[in-house]
Amino acid sequence: MIQKDYQFNLIATSASGIEALVGKELRNMSIDCQVENGRARFKGTMQTIAKTNLWLRTADRIKIIVGEFDAYSFDELFEKVKALPWEQYLPLDASFPVEGKSIKSKLFSTPDCQAITKKAIVERLRSYYHRPSSVPLPETGALYKLEVSLLKDHVILSLDTTGPSLFKRGYRIAKGEAPLKENMAASLVMLTNWRSDRPFVDPMCGSGTLCIEAAMIGHNIAPGFNRDFTCENWDWFPSDIFETERETAENQANYDAVLDITGYDINQKMIDIAQKNAEEVGLGDSIQFKQQAVKDFKTDKENGVIVTNPPYGERLGDQTAVHRLYTEMGHAFAPLVTWSKYILTSDLSFENFYGKKATKKRKLYNGSLRTDYFQFWGKRK
């Protein structure tokens, strides 16, 4: 049985381009980490697993590294997988599907790597639990989702503690077309200069995700507070660990913070959806949602921040309409000289139609789609 104070080797996975934010979040929790492509590595106990699952806004999953080694043949892969202490993690009735990926490795067949890994684990567990080879393991219990990942012949065997991706906060009861994932929305907010005492606007808010993530940040609400995690079903993971971390998170939330967050959309149906989503997470009074076209946006407020994910060609399918929209955005935002504007789009010609060069651009991936985050910094008064 694994003890509460056991130190695991852990990874927090993320979308490409977001790793540094994950690392920053971990360091803000006083957790040392090493940022790599698509992930951040760190060490921690079960309490760390619970805390990071509850609090990481920009990550996808928290995984335990069960083993790590180089392998150049299937025999070597089999023997090294079998040598790992799987019985520490997997009870006799564990359901343990094995996912896989292989990049630039001699063992390039992912299905074969998965099958050999599964076979090696089964042999190890059969030996430990004294099960004859003629009797299959039951796999009727809790889910222990494994992955065998090969990169340049280096193998990492990992166990997913999260379950459904961390972007699934549990508040989005409805959505529109091409919705922005919650952890990507949080990343976009965290890449701005917004603070909770400044106005925040999404002029094309869709189902409200950017506004809701900003409000959760402004109130210091743990993004995973309203959901469960797969490791909570494991027999060796004590339930009181998550109970304690959820209680701590509840005490750290600042529900009394006064926020100035507004979402607009030309479609009243989307405004209704956004309002329902905000109410689902208890933020119905923290965000104003209003029906309005972006070309009609005006404000007398100063030093605000606009963050938006407008439609782009891949999503709308009408390039002319998209470019007209970008021109309207440029005209509407031009008078807001003290406001900073942050706009995510895959259209590299965006600046031409918007009418201004960005202060800075950052390459990000919205799912598999390469996008740029155009940043226009405001002048402070």
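A pocket, as the term is used here, is an open set of grid points, each reached by a 1.4 Å probe, with protein on both sides within 12 Å along at least five of seven lines. In this predicted model, the largest pocket holds about 1,100 Å³ of space. Of the 42 residues that line this pocket, T13, S14, G38, D60 and K101 are the closest to its centre.

At least two residues each come from strand 1, strand 3, strand 4, strand 5, strand 6 (146-151), strand 7, helix 5 (182-190) and strand 13 (360-366). Strand 6 gives the most, with 5 residues.

The discussion now turns to the sheet. Strands of a sheet pair through backbone hydrogen bonds, in either a parallel or an antiparallel manner. Here 7 strands form an open sheet of mixed pairing, in the order 2-3-1-4-7-6-5. Its edges are strand 2 (33-36) and strand 5 (98-103), each of which pairs on one side only. On average, neighbouring strands of the sheet are turned by 30° against each other, direction ignored.

Within this sheet, strand 1 (residues 8-13) and strand 3 (residues 39-44) run antiparallel and are joined by 6 bridges. L10 stands opposite F42 of strand 3. Helix 1 (residues 19-28) packs on the sheet, where it touches strand 1, strand 2 and strand 3, and its direction makes about 175° with that of strand 2. Helix 3 (residues 74-82) also packs on the sheet, touching strand 4 (61-70) and strand 7 (154-160); the direction of helix 3 makes about 120° with that of strand 4.

Conventions
Residues numbered from 1 in each chain as written. Predicted model: local features only at pLDDT ≥ 70, side-chain atom pairs only at ≥ 80, totals over all residues. Heavy atoms only, no water. Pairing = 2+ DSSP bridges. Helix = DSSP H or I, 4+ residues; strand = E, 2+ residues; numbered from the N terminus. Axes fitted to C-alpha atoms, helices over the stretch in contact; angles between N-to-C directions. Contact = heavy atoms within 4.5 Å. 1 Å grid on protein atoms, 1.4 Å probe; cavity = no way out; pocket = protein on both sides within 12 Å on 5 of 7 lines; lining within 4 Å. Points joined across faces, edges and corners; volume = space filled by probe spheres on them.
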